[in-house]
Amino acid sequence: MNILIVGDASNFHVTLAEEFRALGHSVTIMSEGCRWMDTARDIDITRRPGFAGAVRYGARLLSLLPKMRGWDVVYIFSLNFLDLRPEKLLAVFRYLRRHNRHVVYSMLNTDYYYVKACLDCETYRYSDFRIGSSPSPYATLLPGKEHEWTTDAMRRLAEGVAEGIDMLIACLWEYHEAYRKVIPDKLRYGGIPIKTSGIDRHIIEEEPAKVRFFLGYHRDRMALKGTDRILAALKNVVERHPDKAEMELVSNVPYREYIERLNSSHVMLDQLYSYTPATNALLGMARGMVAVSGAEPEYYDFIGEQENRPIINISPLDGGDIEQKLEWIVANKSRLPELSRRSVEFVAKHNDSRVVAQRHLKYLSEIVKP
């Protein structure tokens, strides 16, 4: 197949594209490189700040429209797959729909239907925007954010995309759940691809004298991901146990540097408001790190994993849960070698990039006919 991918998040589509190419498919990635992560792309569509940047961006997209025609499959990674207003995005989406065989929504990001599910206080027990029925810290800090996602313009864009796509492949259980009642016939689950072959593994072979915790975060997304609360809890634990625990903090660095700095730590701290381990946690686990993240029973049951559940789940429903779990790790650091090995096995089974790519190709075979 000839596949065009528009957009990327956390190196997801770069990893998927590598596997597609290895399996004989032709793939072109058009993206802005996920901002400071500077991920690989074949066609750069970075938008520069200011009026002049907007004009150049618009001209660049117009010049690229002919290259966005004639593909077997076009992947979009978000409703905001380009840096345009909703009405213009819908016009581009319809252009893609008219001039290509199939369009697939490879859902990697927040969108209208996900936020709508967060706000109904029924789909999830907690989310980015609600803890139970109360606003989350993120929603309290930025009360206008949920409105930005649920305007009439965003609704029309979401409805137009949901109607026009051939398939939606969700990377998280949460995203799959948000669309379960919207387009059940078009909905599939793919998971997050993690390249496990040839990586530099650091499986914990014996109990460490001092647990080294790793926390990587985006400065402008700390409240959204709960990193602010995780960091506060981590500092408290390290201060109480300076002889048994230390921390490595990494913020807003390019993807390659980020990966290099993972390798000296034992425990990866990731998201608070998630039911599912995301890219950070899985990257660390593939290298032998133990992950502290969202890993609720709903997620494990959804993927059919009943035996190997190595992720240390943290919940925002209990204010002291994060510190309790970190204290448990320090007090039970002899368990880290076992959890390290089980983490590697978990990612190899559920999130190896070849496994995820094969899932995508199986789904594509349902719609792409010879």
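Strand β1 (residues 2-6) and strand β2 run parallel and are joined by five bridges; strands here are DSSP E runs of at least two residues, helices are H or I runs of at least four, and both are numbered from the N terminus. Two strands count as paired if DSSP finds at least two bridges between them. Before I continue, please note that this is a predicted model, in which local features need pLDDT of at least 70 and side-chain atom pairs count only at pLDDT 80 or more, while totals for chains, interfaces and linings use all residues. Residues are numbered from 1 along each chain as its sequence is written, and side-chain values use heavy atoms, with hydrogens and water left out.

Returning to β2, N2 has S26 as its bridge partner there. Between β1 and β2 the chain passes through helix α1 (residues 12-22), and this β-α-β crossover is right-handed. Right-handed means that, with the strands pointing away from the viewer, the path from the first strand over the helix to the second runs clockwise. Strand β2 covers residues 26-31, and five of its six residues are buried, that is, under 20% relative accessible area with a 1.4 Å probe and protein chains only. β2 also pairs with strand β3 (residues 43-44), in the parallel sense, over two bridges. The partner of M30 in β3 is I43.

I turn now to strand β5. Six of the six residues in β5 (102-107) are buried. In a regular strand the side chains alternate between the two faces of the sheet. In β5, H102, V104 and S106 lie on one side, V103, Y105 and M107 on the other, and all are buried.

What are the neighbours of β5? Strand β4 (residues 73-76) pairs with β5 in the parallel sense over four bridges, with V103 as the bridge partner of V74. β4, α3 and β5 form a right-handed β-α-β unit. Strand β8 (residues 167-170) also runs parallel to β5, joined by four bridges; there, Y105 has L168 as its partner.

Finally, the second largest pocket holds about 310 Å³ of space. A pocket is an open set of points on a 1 Å grid over the protein atoms alone, where a 1.4 Å probe fits, with protein on both sides within 12 Å along at least five of seven lines; lining residues have an atom within 4 Å of a point. The lining has 16 residues, of which Y57, G58, L61, L84 and K88 are the closest to the centre. Helix α2 (50-64) and helix α3 (86-99) each supply at least two lining residues, and α2 gives the largest share, five residues.

Terms used:
Points joined across faces, edges and corners; volume = space filled by probe spheres on them. Buried < 20%, exposed > 50% of the residue type's maximum accessible area, 1.4 Å probe, protein only.
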